[in-house]
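The sequence and structure are shown below.

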Amino acid sequence: SPAQGGCHHGGMRDSPALRVYGGIEGDRRRADRRAQFLEAGLDLLGAPDGTRLTVRGVCQRAGIVARYFYESFADRDELARAVYDSVVGEVAASTAAAVDGCAGEPANRVRAGMANIVRLLDEDPRKARVLFEADPSDELMARRRDNSHQLFVRLLGERAREAYGPAGSAERELTSQFVVGGLARALTAWLGGHVTMSREELIEHCTALLLRIARSHAGPAV
């Protein structure tokens, strides 16, 4: 493609084995550079001032010349998707593990999932901004956030099928949007200092709200 044709690395993406420099395999060096670009992308997408992500900006932030950017990403949008998917993947995997590792009542599992999400976002607010603070003009990220809503409903509710209505129903869709949208706003307000309470108080309060919504649909067994 034109984007790749002007770069010296054009054939590297498909080569089965890359040369070794200084004892470090070329594919490892490329993976390290990709990780640096992802971190720089997270810095920019998750900046409090809403800094716009550009190829030039992320290369400057990573301290890597622009020609290496195209080893891993076709353009700015592909990097933005990768950053968002990386954050969602981390939250999803760790929250699922927290829920699966918690025995006992469903309420305990909901609390474990909520505690994990709050901890991750509190320790790195950049991730909260990437997940929740959508730029209305950025259609790419807006669609990405829409597609992740059901994932977070499943992670937090675990029994969403029973609690929020049958799959594909208007009731489930509306409740899911309400739950995830409300949770996003609550976490954003807390992280921004607009709501004053401890981390544990936030976890307990959000857990109680989620369980009340579930019980209103499924009865006292949830």
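## Cavities

A search of the whole structure finds two cavities of 30 Å³ or more. On a 1 Å grid over the protein atoms alone, a cavity is a set of points where a 1.4 Å probe fits but cannot get out, and lining residues have an atom within 4 Å of a point. Grid points are joined across faces, edges and corners, and a volume is the space filled by probe spheres set on the points.

The model is predicted, so local features need pLDDT of at least 70 and side-chain atom pairs count only at pLDDT 80 or more, while totals for chains, interfaces and linings use all residues. Residues are numbered from 1 along each chain as its sequence is written, and side-chain values use heavy atoms, with hydrogens and water left out.

The second largest cavity has a volume of about 40 Å³. Ile 117, Phe 132, Phe 152, Val 180, Leu 183 and Ala 184 line this cavity. Helix α9 (residues 170-191) gives the most to the lining, with three residues. The lining has six nonpolar residues, no polar and no charged ones; Ala, Val, Leu, Ile, Met, Phe, Trp, Tyr, Cys and Pro count as nonpolar, Asp, Glu, Lys and Arg as charged, and the others, Gly among them, as polar.

## The chain

The chain has 10 helices and two strands, where helices (H or I, at least four residues) and strands (E, at least two) are DSSP runs numbered from the N terminus. Along the sequence, the pattern is α-β-β-α-α-α-α-α-α-α-α-α. Of the 222 residues, 41% count as buried. Buried means under 20% relative accessible area, exposed over 50%, and partly exposed in between (1.4 Å probe, protein chains only).

## Aromatic rings

The whole structure holds three aromatic pairs; rings of Phe, Tyr and Trp (its six-membered ring) pair if their centres lie within 6.5 Å, and planes under 30 degrees apart count as stacked, over 60 as edge-to-face and the rest as tilted. Phe 37 and Phe 69 form an edge-to-face pair, because their ring centres are 5.5 Å apart and their planes are at 80 degrees. This pair links distant parts of the chain: Phe 37 is in helix α2 (residues 26-45), and Phe 69, 32 residues apart from it, is in the loop between α3 (55-62) and α4 (76-100). Both residues are buried. Phe 69 also pairs edge-to-face with Tyr 70, since the centres are 5.2 Å apart and the planes at 80 degrees. Phe 37, Phe 69, Tyr 70 and Phe 73 form one aromatic cluster.

Which residues lie over the face of Tyr 68? Arg 33 does, at 4.2 Å from the ring centre, and so does Arg 67, at 4.3 Å. A charge sits over a ring if NZ of Lys or CZ of Arg is within 6 Å of the ring centre and within 35 degrees of the ring normal.

## Single residues

The table gives the relative accessible area of some residues.

| Residue | Relative accessible area | Class |
|---|---|---|
| Phe 69 | 0% | buried |
| Arg 76 | 13% | buried |
| Asp 124 | 14% | buried |
| Gly 63 | 65% | exposed |

Arg 76 lies in helix α4, and a polar contact of 2.8 Å joins its side chain to that of Asp 77. A polar contact is a pair of N or O atoms within 3.5 Å; within protein, one must be able to donate a hydrogen and the other to accept it, and residues adjacent in sequence count only if both atoms are side-chain atoms. Asp 124 is in the loop between α5 (106-123) and α6 (125-132), and its side chain makes a polar contact of 2.8 Å with that of Arg 126. Gly 63 is in the loop between α3 and α4.

Conventions: On a 1 Å grid over the protein atoms alone, a cavity is a set of points where a 1.4 Å probe fits but cannot get out, and a pocket is an open set with protein on both sides within 12 Å along at least five of seven lines; lining residues have an atom within 4 Å of a point.
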